[in-house]
Amino acid sequence: MVTHAAGQRVVKYVKTIGKRGAPGFSQMVDFALGKDGLVYVINRAYEYRPENKKISIITTNEDYVSKFSTGGTGDGQMVWPTSLALDKNENVYLSDEALQRISVFDKHGEFLSKWGEAGDGDGQLNGPSGIAFDSEDNLFVVDSANNRIQKFTKDGEFLDNWGQFGSGEGEFNLPWGIDIDKEDNVYIADWRNNRVQKFSPDGKYLMTIGTPGVWTPRKPNHQEINTAPDGELNRPAGVAVDKDGDIWVTDNRNDRVEVFAPDGSFLLTLTGDATLTTMGINNLDANPEMWEERAIADNFWMERLFWSPLAIKVNDDNTVFIGETCRGRLQVYQKES
């Protein structure tokens with residue numbers, strides 16, 4: 001087992017879930033953790049393959065459960081899905097940046113309702129991305145192209161919003177990811193400003209996490225370890241806060257995950273430790289010639305690295321799930337408090 005340590009933190013690699021392509025994930029952009037080990041995964045897919053636009057339900061043991069939704073503009077369909085969140089009843093909420101709406105399903109995938117309309121007025125949406133529920137089951141929506149955060153009831157009633165375009169404190173430039181801690185503080189991955197911002201439940205600016213970094217072109221397929229300075233961020237996409245208050249950020253363009261202490265100080269970097277998944281092994285077993293090709297291939301160490309990590313979630317046990325869009329998988333880590 002691979003172990004990473006910084007100060008009093010110990011983080012252990014556990015396993016990898018899923019694979020890119022059938023029967024795995026297609027352009028995974030977000031996922032949500034349900035009860036009993038269920039994982040709901042958005043497959044954004046390509047415009048010319050609407051049948052591959054879906055939400056897959058699997059278990060953390062890689063057992064396939066079911067799927068729902070498909071590409072389209074009708075009730076329960078999706079065009080550019082961006083984020084998932086589960087309410088206290090485990091209903092599934094899906095944001096769509098093309099349809100400017102939130103769609104609601106029950107935990108089995110049956111369509112329940114939808115709400116949202118395009119615009120920049122109170123409660124209107126322009127490119128909704130990350131979504132997350134607070135302790136009172138209110139839904140916070142990252143209204144990305146409007147450069148603000150909006151707060152709704154779970155039924156879509158507008159409650160509040162804050163933020164505007166800019167690079168100052170409390171301002172945004174195409175924000176994307178969101179998480180809410182146990183005290184209902186709100187963390188936003190401010191994508192183009194290359195930082196994470198922390199706010200109180202009512203939108204008061206509290207802190208900035210991370211510093212902007214400069215992107216360095218990578219080798220083909222990003223198959224190398226990134227050497228960007230610790231604590232720098234380049235297009236951070238996802239953010240998650242564990243039960244101890246540590247802040248996990250998917251540093252998307254740097255192909256890594258940066259971990260910060262509750263006060264915003266840098267702790268450690270993860271670059272990926274992936275191993276073959278159950279889905280991957282089954283695929284290789286069905287195609288024995290692929291095992292032969294792997295046996296003579298060089299540099300398989302690169303397979304373990306993150307490639308375009310986007311979404312990140314932490315459960316109540318401090319188990320961390322990191323979703324990679326380009327490799328179509330989840331790498332799982334365990335943090336020891």
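**Aromatic contacts in the predicted model**

Phe172 is buried, at 0% relative accessibility (buried means under 20% relative accessible area, exposed over 50% and partly exposed in between, with a 1.4 Å probe and protein chains only). Phe199 is likewise buried, with a relative accessible area of 1%. The structure is a predicted model, in which local features need pLDDT of at least 70, side-chain atom pairs count only at pLDDT 80 or more, and totals for chains, interfaces and linings use all residues. Residues are numbered from 1 along each chain as its sequence is written, and side-chain values use heavy atoms, with hydrogens and water left out.

Rings of Phe, Tyr and Trp (its six-membered ring) were paired if their centres lie within 6.5 Å, with planes under 30 degrees apart counted as stacked, over 60 as edge-to-face and the rest as tilted. By this rule there are eleven aromatic pairs. In one of them, the ring centres of Tyr13 and Tyr333 are 5.6 Å apart and the planes stand at 70°, so the pair is edge-to-face. Tyr13 belongs to strand 2 (residues 9-17) and Tyr333 to strand 27 (residues 329-336), so this pair ties together parts 320 residues apart in sequence (strands are DSSP runs of E, at least two residues, numbered from the N terminus). Tyr13 is buried at 5% relative accessibility, and Tyr333 is buried at 0%.

For Phe172 and Phe199, the centres are 5.6 Å apart and the planes at 50°, so the pair is tilted. Phe140, Trp162, Phe172, Phe199 and Tyr205 form one aromatic cluster.

Terms used
Helix = DSSP H or I, 4+ residues; strand = E, 2+ residues; numbered from the N terminus.
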